[in-house]
Amino acid sequence: MNPLSERKYVIIGVILLISLIYTCRLFFVQVIDDKYKLDAKNQALRYLTDYPPRGYIYDRNGKLLVINQIAYDLMVIPKQAKNIDTTVFCRLLGITKESYIRKMRIAKNAPNSPIKPSIFEKQMTAETYAALQEKIYKFKGFFVQTRTIRKYPDKIAPHLLGYIGEVDKAMTEKNPYYHEGDYIGISGIEKTYEEYLRGKKGTRIVMVDVHNVPKGSFQNGKYDTLAVPGEFLTSTIDADIQEYGEKLMNMKVGGIAAIDPQTGEILCAISSPGYDPNLLVGRERSSNYGKLLLDTVGVPLYNRALMAYYPPGSTFKLINGLVAQQEKVLFPETRYPCARGYPVMGGHPGCHAHASPLDLLQAVAQSCNSYFSYTFRSIIDQKKFNSCEEGYRVWRNYVLSFGIGRKINTDLPGELRGMVPTPEYYDKYFGKGAWKSSTIVSLAIGQGELGITPLQMANIMCSAANRGYYYVPHILKSVGEKKLVPKSYSEKNYTLVEKKYFEIMVDGMEQVVSMGTGRIAKYDDTTHICGKTGTAQNPHGDNHSVFVAFAPKDHPRIAIAVLVENAGYGAEWACPIASLLIEKYLTRKITRPELEKRMMEADLVHKVYVKKKEHR
Amino acid sequence: MRRPETTSIFSNIDWITVLTWLVMLILGWCNVYSAVYDEDHPAILDFSQKYGKQLIWIGTGILIAFLLLIIDAEFHPTFAWIIYGVSMVSLVAVMFFGREVAGSKSWFRFGDFGIQPAEFAKFATCLALAKYLSDINIKMSETKPRLISFAIVIFPTLLIILEKETGCAIVLLVLILVLYREGLPGSLLLLAMGMAFLFFASLVYPSMTLVIICGSLALLVIIFTRKRLRTFINVLTAFLVVVCIIFSAKMVFEHFPAHQKKRIGVYLGIESGKKDKEWNENESIIAIGSGGFAGKGFLQGTQTKYDFVPAQETDFIFCTVGEEWGWLGSTFIVGLFAFLLIRIIFLAERQRSAFSRIYGYGVASILFFHVLVNIGMTVRLIPVIGIPLPFFSYGGSSLWGFTILLFIFIKLDSQRLMILR
């Protein structure tokens with residue numbers, strides 16, 4: 001025998017060895033290790049998601065603001081979609097054959113999968129659904145999944161309510177609750193209270209046999225979870241006031257915020273121009289969203305009530321008057337002269353014609369620029385301070401305590417902090433130590449670098465109405481049947497000015513309406529409105545018309561700020577609008593239909609558009 | 001030359017092998033049926049479905065087997081070079097006239113059916129190798145025949161690599177086992193395997209570590225085989241080759257086709273497979289594992305049915321075996337292959353003519369490599385290399401190719417008393 005033939009034993013040995021290794025490996029994988037069996041079980045089961053209805057949103061009087069409507073998503077498992085009569089199918093759906101092929105391709109390819117359901121047609125109309133439902137048994141692999149989408153019966157408060165949309169990838173990666181295709185609140189209340197509103201998705205585990213036919217629930221539903229419907233929310237909004245305010249702001253650009261000073265509940269927050277919230281629902285959402293984005297001057301998606309910085313104008317004099325009293329550099333009987341302007345700086349800032357000198361009460365009522373320039377500088381330039389900067393820091397600290405220049409942590413997303421310049425800001429702008437109280441004297445009358453949102457202005461009025469404190473403005477009244485409002489909303493936030501100093505200012509504000517610049521706000525003799533007009537200069541065109549107020553004087557129920565962009569004097573537009581809203585809220589009727597008509601029909605929007613275009 | 005006293009062409013045929021082959025075809029078809037089973041097309045003879053087509057392949061395969069038994073055994077050594085030549089020409093031709101499938105141009109298309117010349121290159125190469133090595137003047141101890149037999153194998157291998165069918169190409173390299181049987185020193189065989197191992201090791205481990213390890217090994221060999229200059233030169237050469245492999249491995253790997261790179265990368269743990277939705281290397285072992293001891297039963301597998309396993313009816317047909325027939329079924333199949341391989345080696349050893357013996361070893365080697373790699377990759381002992389499981393995987397070319405490979409040998413064996421040249 002050829003000695004080489006001995007080598008067959010080596011080769012046979014290798015074959016036997018490999019067979020043995022494989023047999024052992026198979027024994028380990030198939031018999032010993034349970035890991036793979038569990039995995040396989042997971043795959044033979046179908047996990048179906050039950051989407052709960054989203055919670056409704058009510059206004060403070062129990063009126064429905066947001067409800068649901070059913071949307072029908074047509075789903076497909078491409079692998080199972082066989083022998084589809086595409087002609088009939090496409091006609092039912094009203095799509096072309098090309099579009100069918102394209103949608104099918106999308107459903108098949110990553111991130112979708114041919115063996116998992118993906119959306120074929122989003123949010124079919126009820127008619128399409130009805131027609132399709134009769135014949136869907138013919139189209140294997142297709143099924144309809146119902147979802148709830150939003151509907152807004154009154155078409156109001158788009159910015160407050162916000163909208164929902166599909167989750168983005170960042171969210172699905174961050175939060176395991178969400179999966180691709182789920183809806184989530186993107187702005188407004190929908191975003192803040194997403195966790196209450198969304199409810200809890202349910203899962204049904206269904207066993208499927210080899211023919212992919214469901215064979216009932218897995219272990220009698222032992223592992224199923226029921227979908228929990230979202231809880232309804234009661235918001236603090238007064239739908240009537242909100243709607244009325246939106247009507248008054250028709251054809252105007254600006255923002256309104258109204259707060260119940262006794263609770264901090266936001267009664268209305270209007271940003272004009274707005275839009276019909278129903279536009280951002282359903283299939284048309286993205287195209288409508290695009291259209292809204294195109295209005296770059298009106299910027300309807302921008303929530304001016306919370307995000308727009310306006311110079312507060314004369315309304316800011318109230319704060320300076322309060323701070324000066326607290327610092328004991330101003331007393332009710334203090335008098336300062338006015339020469340159609342601040343005489344110390346050669347008549348700047350300028351003022352209108354009125355008797356001179358005035359005391360504090362008169363100065364508030366007459367809105368004297370000179371008086372408050374003296375006042376402001378007397379705070380900053382006190383002898384106890386080593387520098388102007390130190391004085392300014394003290395002043396700024398007071399101002400911040402009114403909830404401006406910082407976030408007040410309301411529950412609406414997108415709230416901005418406003419702008420009260422830091423000393424560092426001026427150092428950078430003018431040079432360190434190169435600025436004095438005279439340099440920044442425009443702060444005395446609410447001009448200069450100040451930027452305050454309408455919500456913050458209304459909040460200042462809350463502090464005035466409460467004579468020294470405010471509650472954090474918020475939009476949530478209760479969740480479900482229980483009252484579930486965060487404790488922090490019922491805590492008083494005190495300003496750094498004592499209660500006793502408020503009285504004279506409140507008296508002054510009352511005189512503004514009873515005999516001063518805001519006379520037009522008065523609607524009857526028994527309701528005492530305390531207000532302050534403002535005419536805010538700005539670089540974008542005509543002055544902004546500003547009015548802040550609260551009413552009634554004793555036991556105030558509403559604090560309000562109205563700002564109409566480039567409209568002119570505060571008394572001219574903002575004041576009557578605020579007055580009408582106050583009247584509507586307090587009495588539920590309007591006694592001045594003429595004024596109402598004039599306000600509603602006034603078209604001030606062109607002033608903004610034309611000026612802004614010129615400005616560019 | 002003495003002709004055996006026979007009247008029938010079927011006399012002297014090794015029926016055990018033929019029967020094993022038939023059992024494999026039947027079992028294979030059952031599993032293909034189960035893997036692509038579709039309730040819409042339950043009819044066995046539905047030729048729009050893969051199991052219907054597979055029936056055609058099996059039928060024609062049996063016909064081919066029959067024809068091969070009719071053809072006289074003399075035909076094969078006589079035409080070995082011509083068959084080899086034709087096969088090489090078809091490998092080249094397909095690159096120009098073939099249909100492109102999934103990035104590789106290796107198929108001739110005839111309507112619904114396709115032919116892959118690479119499958120037929122296997123028996124052609126075996127024949128050529130057998131023809132060359134059976135020459136009475138060839139001694140495997142010499143360098144020249146080693147180089148020529150190496151060339152016979154490497155030529156089709158390179159052609160198939162050019163077609164981008166890497167998996168199919170490396171199959172031919174297993175013919176080194178034949179050379180070993182015919183006298184190639186075992187040390188060279190070990191060296192070849194060692195270098196292949198080294199290639200993959202250098203993808204994972206730092207180059208310098210490997211160089212140091214190999215260098216110390218070489219040093220040990222030199223020390224223990226003192227004085228012999230020849231060994232010293234050999235070891236030094238081998239070491240230099242090793243160093244080249246270590247430093248070029250990553251570069252060569254970069255030029256692998258993307259999917260191969262991914263699969264090997266995943267296997268070696270240098271690339272994460274988790275985020276890849278197209279390919280989850282776990283699916284195959286999950287399917288097999290879910291079969292348990294006795295399996296889920298015919299048509300009852302859920303994993304393979306829902307396309308959890310890719311290429312379930314071709315390269316991953318063993319998953320269906322594992323899932324539906326469990327450990328018992330899988331072990332039976334492994335055993336069946338071991339039996340067939342050992343049977344072929346047994347038959348090869350009883351040949352009087354070197355041509356038949358060498359060819360027989362070629363058949364055994366190629367079948368062995370396919371079984372080794374195919375089952376190995378489904379149970380994740382080996383990186384995924386897309387080659388079929390002989391007689392089981394769906395596909396006409398592979399079924400025909402393996403049948404021809406085997407039946408030429410069965411015919412040769414039936415005339416084993418003849419001396420073939």
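Is Lys63(A) buried, exposed or partly exposed? Lys63(A) has a relative accessible area of 31% and is therefore partly exposed; here buried means under 20% relative accessible area, exposed over 50%, and partly exposed in between (1.4 Å probe, protein chains only).

This is a predicted model, in which local features need pLDDT of at least 70 and side-chain atom pairs count only at pLDDT 80 or more, while totals for chains, interfaces and linings use all residues. Residues are numbered from 1 along each chain as its sequence is written, chains are lettered from A and ligands numbered from 1 in the order in which they are written, and side-chain values use heavy atoms, with hydrogens and water left out.

## Salt bridges

A salt bridge is taken as a side-chain nitrogen of Lys or Arg within 4 Å of a carboxyl oxygen of Asp or Glu. By this rule there are 35 salt bridges over all chains. Three of them are listed below.

| Lys63(A) | Asp154(A) | 3.1 Å |

The salt bridge between Asp154(A) and Lys63(A) has an N to O distance of 3.1 Å. Lys63(A) lies in the loop between S2 and S3 of chain A and Asp154(A) in the loop between S5 and H6 of chain A, so the pair ties together parts that are 91 residues apart in sequence. Helices (H or I, at least four residues) and strands (E, at least two) are DSSP runs, numbered from the N terminus. Asp154(A), with a relative accessible area of 22%, is partly exposed. Both residues belong to a network of salt bridges that also links Asp238(A), Asp240(A) and Arg588(A).

Arg350(B) is placed in the loop between helix H13 (317–349) and helix H14 (354–378), and Asp413(B) in helix H15 (residues 396–414), so parts 63 residues apart in sequence are tied together. Arg350(B) is partly exposed, with a relative accessible area of 29%, whereas Asp413(B) is buried at 0% relative accessibility.

## Strands around S3(A)

Strand S3 (residues 64–76) of chain A is largely enclosed by the rest of the structure, because ten of its 13 residues are buried. Two strands are said to pair if DSSP finds at least two bridges between them. Strand S2 (residues 57–58) of chain A pairs with S3(A) in the antiparallel sense over two bridges, and Ile57(A) has Val66(A) as its bridge partner in S3(A). These two strands form a hairpin with five residues between them, and Gly62(A) in the turn has a positive phi of about 85°.

S3(A) also runs antiparallel to strand S5 (residues 142–151) of chain A, to which ten bridges join it; Thr148(A) in S5(A) stands opposite Ile70(A). Four bridges join S3(A) to strand S4 (residues 118–124) of chain A, again antiparallel, with Met124(A) in S4(A) as the bridge partner of Tyr72(A).

## Aromatic pairs

Rings of Phe, Tyr and Trp (its six-membered ring) pair if their centres lie within 6.5 Å; planes under 30 degrees apart count as stacked, over 60 as edge-to-face and the rest as tilted. The count over all chains is 41 aromatic pairs. Phe120(A) and Phe142(A) form an edge-to-face pair, 5.2 Å centre to centre with 90° between the planes. Phe120(A) in strand S4 and Phe142(A) in strand S5 of chain A are 22 residues apart, and the pair links distant parts of the chain. Both Phe120(A) and Phe142(A) are buried. Ring pairs also link a cluster that includes Phe316(A), Trp395(A) and Trp435(A).

## Cysteines

The structure holds zero disulfides over all chains, a disulfide being a pair of cysteine sulfur atoms within 2.5 Å. The sulfur of Cys268(A) has its closest cysteine sulfur in Cys462(A), 12 Å away, which is too far for a bond. Cys268(A) is buried at 0% relative accessibility, and Cys462(A) is buried at 1%.
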